[in-house]
Amino acid sequence: MTRSAYFYSTAALAIGLILSPLSFVRAEEAAQNYQMFCAVCHGTTGSGDGPGAVTLPIKPRNFTDCDRMRRVSDEEALNVIRNGGAATKLSPDMPAWKDSFSIEETRALLQYVQSFCKGDQVGRITQIRKP
Ligand code: HEC
């Protein structure tokens with residue numbers, strides 16, 4: 001192997017090693033953020049039945065209602081998560097999270113939320129879609 005070929009293959013390997021755990025960490029972090037901040041209303045399994053939902057007049061979105069979720073675009077959902085229900089003509093009980101999460105964290109959260117309609121992928125997403 002020439003020196004430069006060796007360099008490039010080592011570099012490619014190193015980049016691969018760095019990138020894959022990173023996207024995995026991002027998905028893991030999203031799962032944790034969801035359970036810590038969203039599950040209280042949306043439920044640990046995304047069914048909209050968390051303990052905080054009991055007293056709400058308008059129930060939190062049931063993320064396992066796939067027909068309903070299909071009608072919400074990524075942009076709409078991101079807007080709701082970032083700016084809250086009051087700013088988006090949904091229930092004002094849905095808080096705004098733009099001061100809590102970066103755009104990337106919010107996208108990862110959205111992917112996690114969408115994974116409830118892809119049953120076999122829940123909690124196992126390792127790829128975060130690019131904007
Ligand atoms: C205090 C309770 C509460 C918490 C905490 C909460 N939500 Fe919600 N969420 C709601 C309610 C209520 C709605 C609105 C349902 C409606 O108006 O039909 C909603 C709606 C949504 C929607 C629906 C978007 C749409 O257009 O259908 C998304 C996505 C969402 N929440 C994501 C999240 C995420 C992600 C978190 C955590 C970072 C979170 N929510 C935390 C109560 C909550």
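This report describes the helices, the ligand shell and selected residues of a predicted model.

**Overall architecture**

The protein chain contains four helices and zero strands. Read along the sequence, its elements follow the pattern α-α-α-α. The chain has 131 residues, of which 20% count as buried. If contacts in the protein chain between residues at least 6 apart in sequence are considered, 42% of them join residues at least 24 apart.

**The packing of α3 and α4**

Two packed helices are described by the angle between their axes and the distance between the axes. For helix α3 (residues 74-83) and helix α4 (residues 103-114), the angle is about 115 degrees and the axes are 10 Å apart. The crossing in which α3 passes α4 is right-handed. On the α3 side, the contact is made by D74, A77, L78, I81 and R82. On the α4 side, T106, R107, L109 and L110 take part. By residue class, the contact of α3 with α4 comprises five nonpolar residues, one polar residue and three charged residues.

Which residues of α3 are buried? They are A77, V80 and I81. These residues lie on the same side of α3 because they cover an arc of only 95 degrees around the axis. An α-helix has 3.6 residues a turn, so residues three or four places apart point the same way. The buried residues of α3 pack against α4.

N79 and K98 are 19 residues apart in sequence, and their C-alpha atoms are 9.3 Å apart in space.

**The ligand shell**

The ligand is surrounded by 24 residues. The closest are C38, C41, L90, S91 and M94. Three helices, α1 (3-42), α3 and α4, each supply at least two residues of this shell. Which helix gives the most to the shell around the ligand? The answer is α1, with five residues. In composition, the shell divides into 17 nonpolar, four polar and three charged residues.

**Loop residues and backbone angles**

G84 follows α3 and has a positive phi, near 85 degrees. K89 is placed in the loop between α3 and α4. Its phi is near 60 degrees, a positive value in a residue other than glycine. Is K89 buried or exposed? K89 counts as exposed because it has 8 C-beta neighbours inside 10 Å, and the exposed class extends to 12 or fewer.

G43 is located in the loop between α1 and α2 (66-70). This glycine is buried, because 20 other C-beta atoms lie within 10 Å, and 20 or more are required for that class. When residues up to four places away in sequence are not counted, G43 touches G48, D49 and G50.

**Pairs separated in sequence**

S23 is placed in helix α1. With 14 C-beta neighbours inside 10 Å, S23 counts as partly exposed. The C-alpha atoms of S23 and A108 are separated by 9.4 Å, although these residues are 85 residues apart along the chain.

Key
Residues are numbered from 1 along each chain as its sequence is written. This is a predicted model: local features need pLDDT of at least 70, side-chain atom pairs count only at pLDDT 80 or more; totals for chains, interfaces and linings use all residues. Axes are lines fitted to C-alpha atoms, for helices over the stretch in contact, and angles run from 0 to 180 degrees between N-to-C directions. A crossing is left-handed if the near helix is turned anticlockwise from the far one by less than a right angle, and right-handed if clockwise. Two residues are in contact if their C-beta atoms, placed from the backbone, lie within 7 Å. Ala, Val, Leu, Ile, Met, Phe, Trp, Tyr, Cys and Pro count as nonpolar, Asp, Glu, Lys and Arg as charged, and the others, Gly among them, as polar. A residue is near a molecule or strand if its C-beta atom, placed from the backbone, lies within 6 Å of it. The arc is that of the directions from the helix axis to the C-beta atoms.
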